[in-house]
Amino acid sequence: VFTGKDEQVVNTLLSNPLYTDAIKGLRTNIEQAAYQTIAESISEKGNYNLETVREAIRAIGDVADKDVRMLARTNSHAFFAAGRRSGYVRAEQELGEKFVYAWVGPSDHRTTPVCQRIKERVDERGGAVPYDELVAIVTEESRKDYPTFTIVPEALQAHWNERHLAIRRVR
């Protein structure tokens, strides 16, 4: 269940040029359907359901079920990463300061070598770095293993099925 603050973040995200520009630049109808379904499920129903996103992707055409799951997860992560980034940008502007970020996520058998290397590089720099530096690290490490994956700084992910996030840290 989403609170009023969550609705405010979603409404800000949906009207934010970072998000609207990202939607305009989406490469496929599948990505557009996923983003639109996520936005509608949050703004109209007050909740988010991954199965709803999967159904929207399935309706686009003949997509293998494993690909539907991957596309739904990846685009959902991108949507929420963009919302988080939008909030951070707004807070940085309001406070007049630049934040530093860590690469945060699970460390388990599903953690990719890419995310492990990103975490290690950020940890070597004190556990948090400015956002533009994190984007550069993510881009460099992602390209080693996933050279065709598109890095979108406003919705930072290192690969498909991403589970890690750029999270603000206070030093």
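This is a predicted model: local features need pLDDT of at least 70, side-chain atom pairs count only at pLDDT 80 or more; totals for chains, interfaces and linings use all residues.
Residues are numbered from 1 along each chain as its sequence is written, and side-chain values use heavy atoms, with hydrogens and water left out.

The protein holds 7 helices and 3 strands, where helices (H or I, at least four residues) and strands (E, at least two) are DSSP runs numbered from the N terminus. Read from the N terminus on, the elements follow the order α-α-α-α-α-β-α-β-α-β. Of the 171 residues in the protein, 42% are buried, a term that here means under 20% relative accessible area, with exposed meaning over 50% and partly exposed lying in between (1.4 Å probe, protein chains only).

Tyr-35 is found in helix H3 and is buried, with a relative accessible area of 5%. Although Tyr-35 and Phe-79 are 44 residues apart along the chain, their C-alpha atoms are separated by 6.7 Å. Helix H3, residues 29-45, also carries Ser-41, which counts as buried at 3% relative accessibility. Ser-41 in turn lies 8.8 Å from Val-53, C-alpha to C-alpha, across 12 residues of sequence. Val-53 is one of the buried residues of helix H4 (residues 50-60), together with Arg-54, Ala-56 and Ile-57. These residues cover an arc of only 160° around the axis and therefore lie on the same side of H4, the arc being that of the directions from the helix axis to the C-beta atoms.

The aromatic side chains come next. A pair of aromatic rings is described by the distance of the centres and the angle of the planes. Rings of Phe, Tyr and Trp (its six-membered ring) pair if their centres lie within 6.5 Å, and planes under 30 degrees apart count as stacked, over 60 as edge-to-face and the rest as tilted. By this rule there are 5 aromatic pairs. In one of them, the rings of Phe-79 and Phe-80 have centres 5.4 Å apart and planes at 85°, so the pair is edge-to-face. Phe-79 is buried at a relative accessible area of 1%, whereas Phe-80 counts as partly exposed at 29%.

Tyr-88 and Phe-99 also form an edge-to-face pair, because their ring centres are 6.5 Å apart and their planes stand at 85°. This pair links distant parts of the chain, with Tyr-88 in helix H5 and Phe-99, 11 residues away, in the loop between H5 and strand E1 (100-104). Tyr-88 is buried at 16% relative accessibility, and Phe-99 is buried at 4%. Ring pairs join Tyr-88, Phe-99, Tyr-101 and Tyr-131 into a cluster. The charged end of Arg-85 sits over the ring of Tyr-131, 3.6 Å from its centre, and Arg-168 lies over the face of Phe-99, at 3.6 Å from the ring centre.

Some of these residues return in the lining of the cavity. On a 1 Å grid over the protein atoms alone, a cavity is a set of points where a 1.4 Å probe fits but cannot get out, and lining residues have an atom within 4 Å of a point. Grid points are joined across faces, edges and corners, and a volume is the space filled by probe spheres set on the points. The model has 1 cavity of 30 Å³ or more, and the largest cavity holds about 70 Å³ of space. Its lining includes Arg-85, Tyr-88, Tyr-131, Pro-153 and Leu-165. Helix H5 (65-95) and strand E3 (165-169) each supply at least two lining residues, and H5 gives the most, with 4 residues. The lining divides into 8 nonpolar, no polar and 3 charged residues, where Ala, Val, Leu, Ile, Met, Phe, Trp, Tyr, Cys and Pro count as nonpolar, Asp, Glu, Lys and Arg as charged, and the others, Gly among them, as polar.

Pro-153 lies in the loop between H7 and E3 and counts as partly exposed at 33% relative accessibility. Asn-161 lies in the loop between helix H7 (131-145) and E3, and has a positive phi near 60°.

Note on methods:
On a 1 Å grid over the protein atoms alone, a cavity is a set of points where a 1.4 Å probe fits but cannot get out, and a pocket is an open set with protein on both sides within 12 Å along at least five of seven lines; lining residues have an atom within 4 Å of a point. A charge sits over a ring if NZ of Lys or CZ of Arg is within 6 Å of the ring centre and within 35 degrees of the ring normal.
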